Amino acid sequence: MSVTELPGDRAPDSSTTPAGPVRPARRSAAVALLTRLHFYAGVLVAPFLLVAALTGLAYTLTPQLDDALYGDKLTVSTVGGQPRPLAEQIAAARAAHPDGTLTEVQPGDGDRTTRVVFARDDLGDRQHTVYVDPYTARVSGRLTTWFGSTPATTWLDDLHRNLHLGAVGRHYSEIAASWLWVLALGGVVLWWRRRAAGRSRARHLLVPDLSAARGVRRTRGWHATTGVWLAVGLLFLSATGLTWSRYAGANFGAGLDALRARTPEISTALAGAPPATGGGEHQHGGAATATATDPATYDRVLGGARAAGLSGPVAITPPGEAGAAWTVAQTDDRWPVGYDRVAVDPATGTVTARSDFADWPVLAKLSKLGIQAHMGRLFGPVNQILLAALALGLLCVVVWGYRMWWQRRPTRADRRAPLGAPPARGAVRGLRWWTLLVGVPVVVALGWALPWFGGPLLGFLIIDAVVGLRQRRRRPAVPVSPAPAGS
């Protein structure tokens, strides 16, 4: 048998094949079950993976797309010496955008313009961002943004997350993320089992077996080996994608709450003032109503944060009500990241509270870094290239999977079929009792935590059982030969 050959690829020997269905051997029942699950999950979930890979591939290009489309707004043509005071820059932005509530200011850093963010009720969760040259205080443009993202990035982000279908569309990406890890791990297990059965296992650990004849075995070699190369990256994409999905993400958040592993809040309470009700988290959405203050306050608050050691790009957020401290947060998404935050008294510029990234819970750190890497921001162009390679590789694996399905179709005139037959049923009956005792609770727990994994899996099992029952009822009874005379 070739190292990439599946059981059942060869035609059975009619002289030794018993009549009726054959139950898989107990020692290979788990592999047979995994093969069947991998087949059906690949066929049914692959369209979601194709869309996710294509839209994710497009999203990896957003930094370059932003520079091409909005470079005149996002960057300055000439880097000057000392930036102009924030008060002067905010005044210029307010003159260009007299409506709305000022909710955030991101001072320009290097060749990046200053971003002055205004919220308006008619924009919903969007904002108007005015871009100001920090060295001349000249307004370079305005865009409608979402959490700081440009219109092009926002459009591609919505396409990847929900296909521009809102809450309904988010189901597609959660289905893809919920099953991607199953397909990746299952593929690795099947690949290892097939490699272990061949003499050339070591030689073909990381390269496809090109000695196999053209056809399904050659295609499977490319499919399996490429999947193994991508396995770690696909598991990463699946895990990080699930963290902000609709249902699994909510369960993940509940788990963080139970473990007290959320991003820690920072207190914005000031001595002698009533506690603020808006919380100390860095607010992007602009839904809160900021206190009307002198723009010079931003310079005083920024000076206090710089004196406290917050370097690099930062965002200054006024509180939602009077009598609370302002929040200054680092926004450097490139490794090594800068996510430290301070609360500053706007009257004196004194730091009243601090929250450093180094002090975050481990799970909060991993979640934050994982999301940034998933979005291609953590390691700059290297991160983008790796994500693009993962997306292209996943597209190839899916296409090869469908090609194998086509190549395995019967072509003889008396048993021609449009597609290949699925792997044989009956593997569950061959499992040992202790495998079911351990496996069933684990699968149930996973199905509860990942509803778009558990729901489809339950539906598949029910349909598969019904189809099997109907097939057994339709199967003609085997006639019993009469006993020989005189017996």
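The dialogue below walks through how to read some features of this structure.

Student: Before we start, what kind of model is this, and how are its residues numbered?

Tutor: It is a predicted model, in which local features need pLDDT of at least 70 and side-chain atom pairs count only at pLDDT 80 or more, while totals for chains, interfaces and linings use all residues. Residues are numbered from 1 along each chain as its sequence is written, and side-chain values use heavy atoms, with hydrogens and water left out.

Student: Let's go inside. Which residues have the most contacts inside the largest nonpolar core?

Tutor: The general idea is that in soluble globular proteins, nonpolar side chains tend to be buried together. A nonpolar core here is a set of buried Ala, Val, Leu, Ile, Met, Phe, Trp, Tyr and Cys residues joined through side-chain atoms within 4.5 Å. Buried means under 20% relative accessible area, exposed over 50%, and partly exposed in between (1.4 Å probe, protein chains only). In this model the largest such core has 30 residues, and Leu49, Trp179, Leu180, Leu234, Leu394 and Phe453 have the most contacts inside it.

Student: Which elements give two or more residues to this core?

Tutor: They are α1 (29-59), α5 (170-196), α6 (216-243), α10 (381-407) and α12 (451-474). Helices (H or I, at least four residues) and strands (E, at least two) are DSSP runs, numbered from the N terminus. Helix α5 gives the most to this core, with 9 residues. Apart from this core lies another, of 20 residues, including Leu86, Val132, Val301 and Leu302.

Student: What does Leu234 touch?

Tutor: Contact means heavy atoms within 4.5 Å. Not counting residues up to four places away in sequence, Leu234 touches Leu180, Ala184, Leu390 and Leu394.

Student: And Thr240: where is it placed, and is it buried or exposed?

Tutor: Thr240 is in helix α6, and it counts as buried because its relative accessibility is 9%. Leaving aside neighbours within four places in sequence, Thr240 is in contact with Gly370, Ile371 and His374.

Student: Now the surface. Which residues make the nonpolar patch?

Tutor: Patches are made of residues with over 30% relative accessible area and no salt bridge; like charges are joined within 9 Å, and nonpolar side chains (Val, Leu, Ile, Met, Phe, Trp, Tyr) within 5 Å. Accessible areas come from the Shrake-Rupley method with a 1.4 Å probe, and for residues only the protein chains shown count as cover. Here, Leu33, Val428, Leu436, Val440 and Val444 make a nonpolar patch of about 380 Å². Its largest share, 3 residues, comes from helix α11 (residues 433-449). Val440 lies in that helix and is partly exposed, with a relative accessible area of 45%.

Student: How should I read the backbone? Which peptide bond is cis?

Tutor: Most residues other than glycine have a negative phi, and most peptide bonds are trans. The bond from Trp335 to Pro336 is cis, with omega near 0°. Pro336 is in the loop between β6 (326-330) and β7 (341-344).

Student: What is phi for Ala137 and for Phe147?

Tutor: Ala137 has a positive phi near 60°; it is in the loop between β3 (127-132) and β4 (139-145) and counts as buried at 12% relative accessibility. Phe147 has a positive phi of about 50°; it lies in the loop between β4 and α4 and is partly exposed at 42%.

Student: Let's finish with charges. How many salt bridges does a search of the whole structure find?

Tutor: Side chains of opposite charge can pair when their charged atoms come close. A salt bridge is a side-chain nitrogen of Lys or Arg within 4 Å of a carboxyl oxygen of Asp or Glu. The search finds 11 of them. One joins Asp158 to Arg126, with the closest N and O atoms 3.5 Å apart. This pair links distant parts of the chain, with Asp158 in helix α4 and Arg126 in the loop between β2 (114-119) and β3, 32 residues apart. Asp158 is buried, at 13%, whereas Arg126 is partly exposed, at 24%.

Student: Which residues do salt bridges that share partners join into one network?

Tutor: They are Asp125, Arg126, Asp157, Asp158 and Arg161. Asp157 is in helix α4 (residues 151-162) and is buried, with a relative accessible area of 13%. Not counting residues up to four places away in sequence, Asp157 touches Tyr59 and Trp146.
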